[in-house]
Amino acid sequence: TYSVSVPNRSPSISLNVDRTSIEAGESVHLWASTSDPDGDGLWGYINTSDGLSYSWDTWKQYNNPGSYWVTAYVQDSYGGSSTSNGFSVTVHVPTC
């Protein structure tokens, strides 16, 4: 009997955002596309610099002016992981 060990390959993730400049009180659509070359089960989240995490397809409302960094994370069932490209969402004071 022979045993063959195949190394786990990490999944990939790409983060998308519908816009990167909004006024306070508006929302952005954030979604991630994931794949795993081994077909493993995947889990993860979208992470925002205000300390909150969201599912891979979400709307995020920003109420305070500033710049917020957004990334996404994925991990497969064997521990392989990846972090996406990031986006900065700039939130402006609303104009009248």
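**Exercise 1. In which sense do strand 7 and strand 9 pair, and over how many bridges?**

Begin with the ground rules. This is a predicted model, in which local features need pLDDT of at least 70 and side-chain atom pairs count only at pLDDT 80 or more, while totals for chains, interfaces and linings use all residues. Residues are numbered from 1 along each chain as its sequence is written, and side-chain values use heavy atoms, with hydrogens and water left out.

Step 1. Strands (E, at least two residues) and helices (H or I, at least four) are DSSP runs, numbered from the N terminus. Two strands pair if DSSP finds at least two bridges between them.

Step 2. Read off the pairing. Strand 7 and strand 9 are antiparallel, over five bridges.

Step 3. Check one bridge. Tyr-68 has Val-89 in strand 9 as its bridge partner.

Step 4. Look for another partner of strand 9. Strand 2 (residues 21-23) pairs with strand 9 in the parallel sense over three bridges. There, Ser-21 stands opposite Thr-90.

**Exercise 2. Work out the strand order of the open three-stranded sheet.**

Step 1. The order is 1-3-6, with antiparallel pairing.

Step 2. Find the edges. Strand 1 and strand 6 (57-61) each have a single partner strand, so one side of each lacks a neighbour in the sheet.

Step 3. From one strand to the next it averages 25°. The axes behind such angles are lines fitted to C-alpha atoms, for helices over the stretch in contact, and angles run from 0 to 180 degrees between N-to-C directions.

Step 4. Inspect one pair. Strand 3 and strand 6 share five antiparallel bridges. Ser-27 faces Gln-61 of strand 6.

**Exercise 3. Describe the largest nonpolar core and its contributors.**

Step 1. Define it. A nonpolar core is a set of buried Ala, Val, Leu, Ile, Met, Phe, Trp, Tyr and Cys residues joined through side-chain atoms within 4.5 Å. Buried means under 20% relative accessible area, exposed over 50%, partly exposed in between (1.4 Å probe, protein chains only).

Step 2. Among the 16 residues, Val-28, Tyr-62, Val-70, Val-89 and Val-91 touch the most other members.

Step 3. Trace the sources. Strand 1 (12-17), strand 3 (27-35), strand 7 (66-76) and strand 9 (87-92) each supply at least two residues. Strand 7 gives the most, with four.

Step 4. Zoom in on Val-89. Beyond four places in sequence, Val-89 touches Thr-20, Ile-22, Val-28, Tyr-62, Gly-66, Ser-67, Tyr-68 and Val-70. Contact means heavy atoms within 4.5 Å.

**Exercise 4. Is Gly-66 buried, partly exposed or exposed?**

Step 1. Gly-66 lies in strand 7.

Step 2. Apply the cut-offs. Its relative accessibility is 27%, so Gly-66 counts as partly exposed.

Step 3. List its contacts. Outside four places in sequence, Gly-66 meets Val-89, Thr-90 and Val-91.

**Exercise 5. Summarise the whole chain.**

Step 1. Count the elements. The chain has zero helices and nine strands.

Step 2. Judge the spread. The radius of gyration (over C-alpha atoms) is 17 Å, well over the 12 Å that the globule rule gives for 96 residues, so the chain is more spread out than a compact globule. That rule is 2.2 Å times the number of residues to the power 0.38.

Step 3. The C-alpha trace spans about 75 × 20 × 15 Å along its principal axes.

Step 4. Check burial. Buried residues make up 30% of the 96.
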